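Here's a quick briefing on the model shown below. Keep the sequence and the 3D view open as you go through it.

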Amino acid sequence: MKEWRFWLAEQRQTLMAIGIFAVMFAIYVANHPAGFTANVVQTAANKSVLLAFVAMAQTLVVITAGIDLSVGMIFILTNCLASWLVVGGAGATTLGVIAVLGSGLACGILNGLIVIYGRLQPIVATIATGAAYFGIALLLRPYPGGSVNEDLADALTGKLFGVVPASLVALAAVVLVVWVPFSRSVLGRAAYASGSSEPAAYMSGMPIRRAKFLAYALAGLLASIGGLFLTFFTYTGEAAYASGNAYTLFSIAAVVLGGVSLFGGKGSVIGAIFGAFAFRTIGDLLFVFDFDPLWQPLFQGVVLLIAVSLGAFGLFRVRNRLEWFG
Amino acid sequence: MSDITGERGMERRLPKFIRRIDPAVATAFGCILLLLAVGSIYSTSFLSVEYLLQQLKVASFLGVIATGMMIVILLGQIDLSVPWSVAVGGMMACAAAAFGHVGEVLAIPFGILCGMAIGLTNGVGVAYLRIPSMIITLATNAVAQGLMVVYTGGFSPQDSATTAMRYIATGFLVPGVPNAVFIWALIGAAAVFAFTRTTFGRSVYAIGNRERAAYLSGVDTRRVVLIAFVVSGGLSAFGGVLLAGYASKAAQSMGDTYLLPSIAAVVLGGTSILGGRGSYLGTVAGVILITLLQSILSVMQMPEAGRQIIYGVVIVAMLLVYGRQRRTE
């Protein structure tokens with residue numbers, strides 16, 4: 001095989017996610033009364049970027065064959081924290097942003113410590129830490145409120161040069177700063193390897209534990225970037241339980257749509273980002289086709305159910321029934 | 001885990017009946033006594049018979065739901081569709097009650113049947129399509145939520161519970177002992193019988209230990225997994241029916257507060273989250289433990305935020321004490 005065909009085989013899932021998104025977005029824009037304008041793109045981008053950050057967080061953990069059911073709650077917690085800290089002048093705002101990102105990282109580190117070094121099952125451990133994170137969020141914001149540095153918020157949610165949505169640029173910057181170095185580092189490769197086959201990775205002497213730990217920690221950081229952006233969009237902090245749960249759920253949906261294998265070892269953050277975009281476009285499609293908004297949760301649920309069921313097609317290729325039990 | 005030989009050596013010196021006790025179950029019962037002691041400091045009425053029976057009644061709702069969760073966890077799977085299975089059970093039973101006399105008779109079975117339908121979807125996904133249980137149950141939970149939102153039009157449901165539903169949740173067949181406690185006792189007895197005396201129960205343990213081995217031993221593993229999820233969905237919905245009877249009506253988010261407690265009750269009771277190990281006595285202990293913890297936090301007038309934090313911390317702490325996995329290396 002030629003080199004590019006290897007590359008294509010590796011990136012097939014990601015390219016499929018990009019394709020799904022492109023088709024859906026094209027249908028959306030074609031039916032939108034305003035058409036393909038900078039404003040329509042900006043609104044769509046701002047809505048999608050939040051889920052994209054949370055989905056990136058989920059992807060890092062899913063690649064190691066784990067799961068983080070607390071990402072939505074870290075997202076909510078950092079939103080509440082940002083509504084207290086990211087205020088005032090340039091200096092205070094910078095410190096506030098650093099503090100918010102630091103606390104997101106700390107949440108991720110705590111998850112990592114409990115799951116990797118405490119050897120607990122990620123599902124139960126992250127549900128429990130998620131409850132604690134939500135409790136802290138509620139402590140910070142018993143009632144919705146607070147404020148944020150509006151200059152910074154408007155700069156990051158507006159348009160660069162009047163065309164490009166600034167939130168998309170920020171998303172790209174995070175991908176360049178966090179994902180690219182991670183996926184190319186030894187620990188990043190070890191994260192893939194341990195998700196693909198942990199015994200094999202162990203036998204090859206890869207730093208499995210450090211890789212998984214880093215994945216959980218970075219997931220916390222990425223979720224907190226999402227929380228920061230939520231504050232920039234809403235100008236307030238709110239400890240909304242339903243919203244936290246919904247983001248956790250949608251992050252899994254985005255990851256699946258983005259072609260990241262829930263069994264670990266396959267997929268990329270880029271795919272998950274486009275999965276998130278596609279998932280958000282589903283909601284927008286309902287809107288342009290004038291569906292009753294009441295049907296939106298059901299529609300999203302059905303799409304999620306179909307998306308996870310598609311993974312079952314691999315079963316038709318199974319020659320030996322024992323392979324069912326992996 | 002490293003000093004297994006040391007533990008064995010110590011165990012051999014103990015009398016046989018003590019050796020047979022699961023340390024996790026013993027720890028859970030120890031914690032219950034500790035909580036009772038702490039509670040009696042805060043309020044003198046904490047140890048009164050009426051208060052404890054009231055707690056037992058509240059515990060029985062969680063107990064019914066946790067029984068279903070336990071079957072699924074014993075398989076090494078998990079059921080995250082509990083919140084909306086509970087809500088669907090309560091809401092559909094109340095909805096059926098609105099259809100005159102026939103509806104009133106069929107209210108309870110209809111609610112349970114709707115929960116079993118959710119369980120059936122989960123079971124088909126896990127057993128036949130081999131989708132990870134965590135994912136498919138999250139998805140069916142979302143679909144159930146969507147269906148209920150469409151059904152109610154986004155408002156809180158208007159139908160109220162039938163007299164039969166109220167009776168089984170809050171009535172008294174024997175003076176002093178709430179009916180809900182009897183219901184839990186009946187379901188618990190059925191679960192113990194199923195786990196220890198039936199092929200189905202033994203197959204559940206076998207699959208939890210190693211599905212491949214169970215399959216090769218001639219167990220129809222897919223059917224057992226399917227049935228387990230249907231039972232879990234049905235029990236969650238039945239818990240919802242009881243809750244609706246208790247509150248005289250169903251509410252949209254009535255199940256949200258039952259997901260973490262039901263998992264925690266099972267795991268704190270010593271059932272391995274990886275499946276294959278655990279006893280129903282442990283789950284009973286876990287349910288009572290969680291209920292008492294909630295009750296003490298409310299007696300202490302702890303706000304919701306503090307409750308969530310303590311909840312998460314206690315569960316992680318107890319799991320770290322005895323719920324750790326073996327080293328993979």
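## Start at B:Ile288

Once neighbours within four places in sequence are set aside, B:Ile288 is in contact with B:Ile32 and B:Ala59; contact here means C-beta atoms, placed from the backbone, within 7 Å. This is a predicted model, where local features need pLDDT of at least 70, side-chain atom pairs count only at pLDDT 80 or more, and totals for chains, interfaces and linings use all residues. Residues are numbered from 1 along each chain as its sequence is written, while chains are lettered from A and ligands numbered from 1 in the order in which they are written.

- B:Ile288 sits in helix H14 (residues 280–299) of chain B; helices (H or I, at least four residues) and strands (E, at least two) are DSSP runs, numbered from the N terminus.
- B:Ile288 counts as buried because it has 24 C-beta neighbours inside 10 Å. The cut-offs: 20 or more other C-beta atoms within 10 Å of a residue's own make it buried, 12 or fewer make it exposed, and anything in between is partly exposed, with C-beta atoms placed from the backbone.
- From B:Ile288 to B:Val58 is 230 residues in sequence but 9.3 Å in space, C-alpha to C-alpha.
- B:Val267 belongs to helix H13 of chain B and is buried, with 28 C-beta neighbours inside 10 Å.
- Between the C-alpha atoms of B:Val267 and B:Ala194, which are 73 residues apart along the chain, there are 20 Å.

**Confidence in chain A**

- The average pLDDT of chain A is 87, and 95% of the residues score at least 70; pLDDT is the predictor's confidence in each residue, from 0 to 100.

**The core**

- The largest nonpolar core holds 206 residues, and A:Phe53, A:Ile273 and B:Ala93 have the most contacts inside it. H10(A) is the top contributor to this core, with 17 residues.
- A nonpolar core is a set of buried Ala, Val, Leu, Ile, Met, Phe, Trp, Tyr and Cys residues joined through C-beta atoms within 7 Å.
- Beyond its neighbours within four places in sequence, A:Phe53 is in contact with A:Leu222, A:Ala223, A:Ile225, A:Gly226 and A:Phe229.

- H1(A) (residues 3–31) has 29 residues and runs 40 Å from first C-alpha to last, close to the 42 Å expected at 1.5 Å a residue; the expected span is 1.5 Å times one less than the number of residues.
- H1(A) has a kink of about 60 degrees centred on A:Gln11. The bend at a residue is the angle between axes fitted to the seven residues ending there and the seven starting there.
- Which residues of H1(A) are buried? They are A:Thr14, A:Ala17, A:Ile18, A:Ile20, A:Phe21, A:Phe25 and A:Tyr28, and their cover includes H11 and helix H12 (269–288) of chain A.
- H2(A) (residues 38–63) has 26 residues that should span 38 Å at 1.5 Å a residue, and its end C-alpha atoms, 35 Å apart, agree with that.
- At A:Val49, H2(A) bends by about 30 degrees, and just after the helix A:Ala65 takes a positive phi of about 70 degrees.

**A:Ile109**

- A:Ile109 lies in helix H4 (residues 90–117) of chain A and is partly exposed, with 17 other C-beta atoms within 10 Å.
- A:Ile109 touches A:Ala217 and A:Gly220, not counting residues up to four places away in sequence.

**Positive phi in loops**

- A:Tyr235 isn't a glycine, yet has a positive phi of about 65 degrees. A:Tyr235 lies in the loop between H10 (208–234) and H11 (241–257) of chain A.
- B:Arg130, also not a glycine, has a positive phi of about 55 degrees. B:Arg130 is found in the loop between H6 (100–128) and H7 (133–152) of chain B.

Conventions. Two residues are in contact if their C-beta atoms, placed from the backbone, lie within 7 Å.
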